[in-house]
There are 2 protein chains.
Amino acid sequence: MSKAKIGDVAREAGVSLGTVSNALNHPEKVRPETLEHINAAIDRLGYVPNQGARQLAGGTSRVFGLVLPCLDHAFSLQIANGVQAEARRHGYDLLIASAGNDDILENRYMRYFLGAQMAGVLVLPMADNAWKPPVQTPSIPIVYLGIHGKTPGMYVAADNEAQGRAILEHVHSRGAHRVAVVGNAEFASLSLRVRGICDAARELGVEIELIGRGDWDSASDGFVLGKWFAERYGGMRPDCLIGLTDVLAAGLADGVLAAGKKIPEDVLVAGCDGNPLAWGGSVPLTTIASPGEEIGRRGVQVLVDLMEGKRLDVLHQEMVEPKLLARMSTATTRIARKQAEPVALNLGEYL
Amino acid sequence: MSKAKIGDVAREAGVSLGTVSNALNHPEKVRPETLEHINAAIDRLGYVPNQGARQLAGGTSRVFGLVLPCLDHAFSLQIANGVQAEARRHGYDLLIASAGNDDILENRYMRYFLGAQMAGVLVLPMADNAWKPPVQTPSIPIVYLGIHGKTPGMYVAADNEAQGRAILEHVHSRGAHRVAVVGNAEFASLSLRVRGICDAARELGVEIELIGRGDWDSASDGFVLGKWFAERYGGMRPDCLIGLTDVLAAGLADGVLAAGKKIPEDVLVAGCDGNPLAWGGSVPLTTIASPGEEIGRRGVQVLVDLMEGKRLDVLHQEMVEPKLLARMSTATTRIARKQAEPVALNLGEYL
DNA sequence: CTGAAAGCGCTAACAT
DNA sequence: ATGTTAGCGCTTTCAG
């Protein structure tokens, strides 16, 4: 039972309550000797200051809160890492909540953080299409990550169009002329990705086939489609398959192999969202790393700027550029044939 | 400025302060009609209850805290997911802190959670070798994850020896007879893994070569060693390389390929810690998934049992069994030659 | 259901 | 440099 309160510590150390408080919050205002006594007493009693009381009494909290949709996706994690690193750099702590893909919970956690008087809150909202500002005129700054807002607020997100453009330009440079794009482009970010792909295709004279309806988003869906594409005859067969997500792309790759075709010799395959969880498949997958860390870092910078009194537009937007991770699934065939030049781990942003 | 307090809500709703408090904490004690008025007022004012005050005044907090060493490793994430899921199942919320591989910070967050009067705290301590109980007789239950304790406390961890044994038995079943094990076995968990490997090797008559000194833990270290092993002559060359971590193993694989040998035809390669971040390499890597989710879930169960009044031994230990993820890097050569039977994604515990 | 009031443990003024 | 004291916003009593 560590019921020890600050008063107990004071008594144990033979000083007054206020002095202990000072020792905790403004150590420089306490004589070193006294301070030692106090610390000894704290250890002896196993005293842990009550954060609630602390906050209530008006202490300023140097803790940021981060709300993530889930912990399953690399993008969330990169963001978490970026936020974490940048927060520490500025002397802030970070508490993370995962909403388990539930928007009720997402809101709950946001309110919790706001109610806990955090110094600031960052959110990676889940369904960026069906999205509305959850808290009106909050007393605490909120930064939205991964989406571009229309309503007043602060937003830091990837340039999804650039992401699509980059992957298409890459496969084009590897010789692709007929590209099939697979995935459910229902989400705003994915549809921007598709737009980037299509724009680039038009400019480069690449032919595009878009398979975007339905619930195709699992690896097994990809498998079916990959096989289907690979089994087409000559001119009808795309020379490149792009999955809007890496999981889908991994499935596509397996489907192509199951059809007896070779990657990348017969068909190039690429993913689009840099998800390491999809990298355990039969072929090392080329993909685009959403620059999550960068987004996280920039989000914190916005918050810190704000704390330091800098004033921002009511609608503050920041864009971050994506990075290509070129791997075996789109290697030039010379490289692929003799695995001699291992594309290395190419973890890009990940390690 | 959402300075709205509970009193403001009361006035706005035309009821008394106490009633609002009841509406928030014991809705069943308030007439539905009144409750609606109050909720309307809350929305209108953008009221968010102050968690600090709430906790201070004696509310009981249904929130668990989880302290992780970092967010870079799949093990941490699996644990987080397991904890998250199980906590929700029991109606608890979860706050996660990443210590950024810094034991000072780790301690800070633990104390923070304790001070924030969480319902319970779970910790995945970082350096399990140099580890001492950080808080004496805490008023709040703490469960240690991923380690087996010697001092009184609650512990849930993987069976590291079984992990080592499993990987060795697997490669043996794939025909390995001379196995080289690479990695810094300084950490307790890794050395247990090594022990499991060695025990199994002895039983099965497999020859073991252990390269365990130094700071070998990066992919490039693995590369050097992999090349070195692969370039040995005939009988001196191991027919299987095991990396104590997947990152190391991925490096080994690249090294082997760079030496002009084939995987798995000439040399089998396997990792040991199920880290998806290492799965982007040239060969899909066989590895062992530490059953992180299971560990996380069980940790929460311990906490919940405790909250429900169940009494546990002062030293409560639980062991969790690991799972094998067999992939291309140890496939039988028949499978490997014609990639026809894609080892599928085999994400095991991951998706 | 209301209204009033007693703290919860702490911080930050203010005296000393 | 140290001691004293007034709240912070909320939850619970307890009597209406």
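This is a predicted model: local features need pLDDT of at least 70, side-chain atom pairs count only at pLDDT 80 or more; totals for chains, interfaces and linings use all residues.
Chain A contains twelve helices and twelve strands. Of its 351 residues, 52% are buried. When contacts in chain A between residues at least 6 apart in sequence are considered, 73% of them join residues at least 24 apart.

Both chains contribute to the surroundings of the DNA. DNA strand D is surrounded by 27 residues, and the closest are A:Ser16 and A:Gly18 from chain A with B:Ile6, B:Ala53 and B:Ala57 from chain B. Three helices each supply at least two residues of this surface: α2 (17-25) of chain A, and α2 (17-25) and α4 (51-56) of chain B. The largest share, five residues, comes from α2(B).

Around DNA strand C there are 26 residues, the closest being A:Ile6, A:Ala57, B:Ser16, B:Thr19 and B:Arg31. Here the elements giving two or more residues are α2 and α4 (51-56) of chain A, along with α2 of chain B. On this surface α2(A) provides the largest share, five residues.

The residue classes of the two surfaces are as follows.

In short, the largest share of the surface comes from α2(B) for DNA strand D and from α2(A) for DNA strand C.

Key. Residues are numbered from 1 along each chain as its sequence is written. Chains are lettered from A and ligands numbered from 1 in the order in which they are written. A residue is near a molecule or strand if its C-beta atom, placed from the backbone, lies within 6 Å of it. Helices (H or I, at least four residues) and strands (E, at least two) are DSSP runs, numbered from the N terminus. A residue is buried if 20 or more other C-beta atoms lie within 10 Å of its own, exposed if 12 or fewer, and partly exposed in between; C-beta atoms are placed from the backbone. Two residues are in contact if their C-beta atoms, placed from the backbone, lie within 7 Å.
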